[in-house]
Amino acid sequence: MASGDQMAEIGEPGDMEEVNEAQGLEDGPSLKSTMERNGKTQPDGPVKEKKLGMIKQFRESMKRVGERSPLASNSKGSKDRPYSDQGGDSIDPEVTSLTHQLPPTHSPSLSAGSPVGSPLKSPVGFFQIKEGGEIAEDSPSSQKKHSRTHSDPSTIGDSLLKKGASIRRSFRLAGNKKDRTVKQEQLQSVTEITVEEKRAGEESVEIKESYILPEIPLTPLSVMQINELIKTEVLEEAHLNLLSLRQEFQRERDECTEEASPMELAKKEKDLSILYRAMQEKVKEIVRNSNSLPSLNKELLMHVARVIQEEEKREAEPGGVVGPGDWRGAWREAVSEGVEATLKRVPLDRPEQNASWLAIHLGLLGKAILKDLEKVKRELQGSYPPSFNVFSTYMRCYHGAVSQHLNTLQQQVTDLKDYYALLDWIINRYESENIMSSPSLRPEMEAEKTGLSLEEGFLDQLKGKYCMRAKEDMRASLDKILELENEDIWIKKQAPETDDEHFLNSDIHMDIWTNVKSNAVNSKRIDVNLEMRVVCSCLEELQQFPKRFETKLRYCCNSVENPSLWADYQITYINSFTALMEHMEGYRESCPTQVDHLSREVDGLVHRLVQSLEDQFKNDVRPYLRRMMTRKWLSTDEDFQQLYRRTEKLTHRCSQMRPPYVQTFLSCLHYYVVKEYVSQLMKNNYSCKNRKHDKAATKMRAQWDKLKDLFEEMTTHDWLHPVGDHLSNIIGETNKRDIKKHLKLLVADYPDISKKHLSAVLYFRGLMRGRERQVILQRLTELKRELGTAGNIGDNRRALFSDMQVTVTNTDCLADIPLFCFLLPDS
């Protein structure tokens with residue numbers, strides 16, 4: 001144990017605590033406890049005095065460090081300390097020997113990975129000014145210590161803590177078990193501070209707007225030394241010496257002494273300009289790379305801000321602008337260049353390398369923007385005074401850089417999906433919570449009212465290209481549909497399939513509708529107005545499709561010899577285009593003109609397909625109809641059976657046709673069969689003699705019943721059903737005079753019947769001439785007059801006989817003689 005006198009000789013306890021505090025230690029053990037632990041006491045004599053002298057000198061050096069510390073000067077940066085030959089204090093060799101035991105410190109102002117240390121701050125590499133302005137290293141006898149950086153309290157505390165630990169190791173201090181236990185508990189409480197808490201503490205420190213400029217050296221360093229300081233990013237010392245050199249130049253210029261020749265002044269002015277330009281370029285480089293470097297450069301950015309502030313103050317002075325000037329503008333330019341560099345680093349594949357090149361790039365671009373702005377808010381914003389408006393500046397730079405980047409990207413876009421990806425990113429994603437409106441950027445982002453600075457008309461042009469590309473893709477899709485239909489159906493002569501409702505079906509209407517629908521849905525996510533423009537573009541292209549389809553169908557199916565298969569094809573495409581038009585009707589409100597035009601084209605195609613189907617049937621049954629009401633017809637049913645089977649087959653096939661065209665077609669088919677069947681009576685090909693009219697009437701009634709049953713549930717022309725019965729009654733009437741009784745119902749149902757038509761029916765009945773025939777025809781005239789149908793064909797909706805031509809046969813020479821000529825005088 002050391003005595004009290006020995007403790008007094010070593011130093012007062014308060015002094016030791018002061019040393020411990022200067023080293024950042026919470027509870028460092030005293031030298032007394034160290035000697036007690038080693039079981040030794042310090043003897044009186046020179047050794048003890050030497051040890052005491054070293055400790056006192058170290059304490060004095062710590063005080064000098066404290067005086068130069070920003071904590072002692074209440075400023076954010078350290079003051080420049082001149083070299084010893086310029087009036088500064090020299091460093092004691094013994095203190096230097098102590099400091100050499102500390103681990104070498106690197107300037108926090110250097111960029112990460114920089115191999116160059118501070119020429120003024122490194123404890124093993126101080127500069128010494130030689131003759132001629134050169135710099136010598138490793139000369140501790142006449143060194144001046146320069147402070148490079150402004151230090152925040154946390155940085156100084158960390159540095160002092162490391163130095164204190166080194167001193168403890170050098171003195172081999174070790175406490176007893178109790179002291180070690182206490183110290184471990186205290187250290188444990190320190191290490192419990194999390195990284196997040198430390199970061200939050202750093203973020204809470206705000207750089208003040210005002211600052212105290214460190215002392216400007218009376219004599220500046222040489223131009224080469226200042227340039228070296230700029231290169232190694234020792235900005236504070238470099239700027240102070242620049243200001244000193246500037247003051248020196250201004251003094252010499254103002255004094256205009258003989259010693260300062262104009263050539264020397266011009267040279268010095270040129271040196272100043274070069275150094276200022278180098279300083280500004282270095283400032284721009286640091287700012288440009290600040291958001292891509294680790295957060296250790298916060299102190300360096302603080303020096304950048306102070307340099308800019310100081311130069312802005314001096315720009316207003318007479319002759320103040322020596323260098324390039326506009327430092328704040330240069331800073332904003334560097335910020336913009338750094339933002340552009342960030343965007344260029346985002347991976348971008350070529351379209352031929354990856355079909356989703358643009359969507360992937362835009363996704364990565366959004367992540368890069370968000371990550372960078374989060375770092376600006378978390379780290380960079382706190383490295384500048386408030387007047388710099390760091391976040392707002394970065395935000396505006398991003399708006400401008402992204403706008404330019406998007407303009408470059410759209411020049412490479414050719415596909416519809418890429419146009420969509422670009423529009424969707426601009427309109428929906430850029431301002432969403434995934435990027436600019438992210439919760440991590442609040443509340444700073446909420447104060448920003450700016451957005452993308454796109455060129456005027458850029459979005460409208462992009463939307464126009466999107467619509468044009470959608471129209472081109474629509475045409476290509478329709479061509480592909482025709483090609484697939486030809487390859488899969490027409491060439492193979494494959495029968496069409498039926499859907500769940502047992503209708504003949506083709507998928508072309510679903511393919512077309514799906515294409516239009518997908519374009520509409522996608523464009524609606526971007527803009528409702530864009531949806532309307534895209535749908536209108538698709539419908540405009542679709543208007544040309546019905547005619548193109550019909551041409552291709554007839555060309556490819558011209559070789560189809562099977563009438564049934566050809567009929568199936570026609571019914572299938574009647575169904576498909578009918579369904580297509582039903583889908584397109586949903587866009588009538590937004591695109592009425594385009595829907596109307598398309599509807600006319602589709603109706604025209606369907607009408608032509610129906611007409612073709614009807615013509616095919618007419619050509620098929622015409623031979624059998626021609627042999628109706630002839631001698632052969634009276635003796636055999638072969639022709640009628642062929643007519644019936646073909647009609648039945650077609651009507652059954654038409655049951656697979658969708659409404660409303662199925663009713664229209666079957667009604668036309670019904671009308672045609674009835675008209676052609678009755679028309680055979682008008683040709684005067686056969687006359688029933690020898691009471692064959694009764695057999696003919698019976699046969700006609702039976703065939704008519706079959707036809708009526710065939711069309712009973714399919715047609716809307718139910719008014720055609722009675723005509724067969726009326727004609728059968730007239731033909732089968734045994735008493736000629738009773739024929740007049742059947743005329744009233746016939747005229748009532750078919751007012752368009754004429755005397756020529758009735759004459760042809762009477763001819764087939766066998767009543768070719770005579771008084772009774774004239775009486776029947778006269779009665780027809782009277783009935784038509786009574787019903788008000790004389791001289792017209794009656795109801796046009798029920799025009800049957802008016803469409804029939806009558807073959808005139810002049811078998812009755814008395815046919816045109818008035819009836820009264822046959823009456824006797826006494827009658």
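Tutor: A disulfide joins Cys 536 to Cys 591, with 2.4 Å from S to S. The term stands for a pair of cysteine sulfur atoms within 2.5 Å. A disulfide is a covalent bond between the sulfur atoms of two cysteines. A search of the whole structure finds 1 disulfide. The angle about the S-S bond is -105 degrees, and the link of Cys 536 and Cys 591 is left-handed.

Where do Cys 536 and Cys 591 lie? Cys 536 is in helix H21, residues 528-542. Cys 591 is in the loop between helix H23 (563-584) and helix H24 (592-626). So the pair ties together parts that are 55 residues apart in sequence. Helices here are DSSP runs of H or I with at least four residues, numbered from the N terminus.

A word on the source. This is a predicted model, where local features need pLDDT of at least 70, side-chain atom pairs count only at pLDDT 80 or more, and totals for chains, interfaces and linings use all residues. Residues are numbered from 1 along each chain as its sequence is written, and side-chain values use heavy atoms, with hydrogens and water left out.

Are the two cysteines buried or exposed? Cys 536 is buried, at 13% relative accessibility. Cys 591 is buried too, with a relative accessible area of 0%. Buried means under 20% relative accessible area, exposed means over 50%, and partly exposed is in between (1.4 Å probe, protein chains only). Cys 397 has a relative accessible area of 12%, so Cys 397 is buried. Cys 688 has 3% relative accessibility, so Cys 688 counts as buried.

Now take helix H24, which holds His 597. His 597 is partly exposed, with a relative accessible area of 31%. His 597 and Leu 539 are 58 residues apart in sequence. In space, His 597 and Leu 539 are 8.9 Å apart, C-alpha to C-alpha.

Two more residues show the other side of the scale. Asp 718 sits in the loop between helix H28 (693-711) and helix H29 (722-732). Asp 718 counts as exposed, at 51% relative accessibility. Lys 689 lies in the loop between helix H27 (661-679) and H28. Lys 689 counts as partly exposed, at 47% relative accessibility.

Back to the link: Cys 536 and Cys 591 are joined by a disulfide, and the pair ties together parts that are 55 residues apart in sequence.

How values were computed:
Helix = DSSP H or I, 4+ residues; strand = E, 2+ residues; numbered from the N terminus.
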